[in-house]
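Notebook open. I want to look up how two chains meet, one entry at a time.

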There are 2 protein chains.
Amino acid sequence: MLDDRDRKLLSLLQQDAETSVAQLAEAVNLSPSACSRRITRLREEGYILRTTAEVDRRRMGLPTTMFVLLRTSEHTADWLERLRAVAADIPEIVEVHRLTGNFDYILKIVLPNVEYYDVIYKQLVHRIRLHDVSAYISMETLKSDAPLPTHHA
Amino acid sequence: MLDDRDRKLLSLLQQDAETSVAQLAEAVNLSPSACSRRITRLREEGYILRTTAEVDRRRMGLPTTMFVLLRTSEHTADWLERLRAVAADIPEIVEVHRLTGNFDYILKIVLPNVEYYDVIYKQLVHRIRLHDVSAYISMETLKSDAPLPTHHA
DNA sequence: CGTGAAACTTTCTACTC
DNA sequence: GAGTAGAAAGTTTCACG
């Protein structure tokens, strides 16, 4: 399993994947060679899946975030796969979950502005039958892209 | 601004930040040196903020995702800062937005299991006054960590 | 912007203790 | 695991076309 050093490494690499092995080694009180071995192991054992570049949404002209809560009347496997396909096709949809309870699905979407939501909305309802759609604009992001907690049993 | 090659590079780097410059150069039909210059520029101009390691949630013992929709009766700056502080303190809360409309805030949380939600819930209500809290369990993730669309005006 | 080459940094991999 | 050292890989930068 993971010891404290492994967890620290995962925490640091989630913040900056380009930290040199030398720096990481110092942070966890290990030699660079031992540290390098650990990181290799963390990858091999699947703790680290990949590294990704984080792109500035505003700089890209996509400052707006919205959440969409969906209800459907069709609860078939076909419908689900259709939603999956639609979501995969629309890059503005960055996250989709099937939920328990009062709502069936939640979508997170990123947009150049609030008005652009209508474009996505039309694509959605055109391609899939929806019972109820309510959209919420994120006015302010208080926390995002936070690293995962690393101290669980 | 950005041309097609820049956009392609951003797209590729969002999927795998460790792609070698040689591979990237080939993908956008450029020489490695020219490609390296572009990537440096994309960083300098703030398109690329950082690179992060993506950690496997399940492997880390955090397979459960939940969304929490909040209503509050206090709409002061103080309350907002308090929520920000609480969210910053609780690593299981990975995302928080202030919303328009029917709900005031949305939280995304990651947990070892559904039961653990109670622990977070208690921390929340203990530290901040909430008017209404409803939680939704993600039963299935249809899309997540999708790269940003790169083809906007 | 391309090419080619050089300089540099960093990582990986023994081998030893 | 630590430490060292050598090898290898990749990146950046430069001069020049």
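Which residue of chain B does the side chain of A:Glu18 meet in a salt bridge? I looked it up, keeping in mind that this is a predicted model. The partner is B:Arg43, with N to O at 2.6 Å.

Next I asked for the whole tally of such pairs. The rule gives 10 salt bridges across the interface of chain A and chain B. I also counted polar contacts between the two chains, and got 43 residue pairs, both residues at pLDDT 80 or more.

Then I checked which parts of chain A do the touching.

On to the extent of the contact. I found 69 residues from chain A and 69 residues from chain B taking part. Together the chains bury about 6700 Å², with 56% of it on carbon and sulfur atoms. Of the area chain A buries against chain B, 11% comes from A:Arg50, A:Leu142 and A:Lys143, more than from any other three residues.

I saw strand 5 of chain A run antiparallel to strand 3 (residues 93-99) of chain B, joined by 4 bridges.

Notes
Residues are numbered from 1 along each chain as its sequence is written. Chains are lettered from A and ligands numbered from 1 in the order in which they are written. This is a predicted model: local features need pLDDT of at least 70, side-chain atom pairs count only at pLDDT 80 or more; totals for chains, interfaces and linings use all residues. Side-chain values use heavy atoms; hydrogens and water are left out. Contact means heavy atoms within 4.5 Å. Buried area is the accessible area (1.4 Å probe) that two parts lose on being put together, summed over both. A salt bridge is a side-chain nitrogen of Lys or Arg within 4 Å of a carboxyl oxygen of Asp or Glu. A polar contact is a pair of N or O atoms within 3.5 Å; within protein, one must be able to donate a hydrogen and the other to accept it, and residues adjacent in sequence count only if both atoms are side-chain atoms. Two strands pair if DSSP finds at least two bridges between them. Helices (H or I, at least four residues) and strands (E, at least two) are DSSP runs, numbered from the N terminus.
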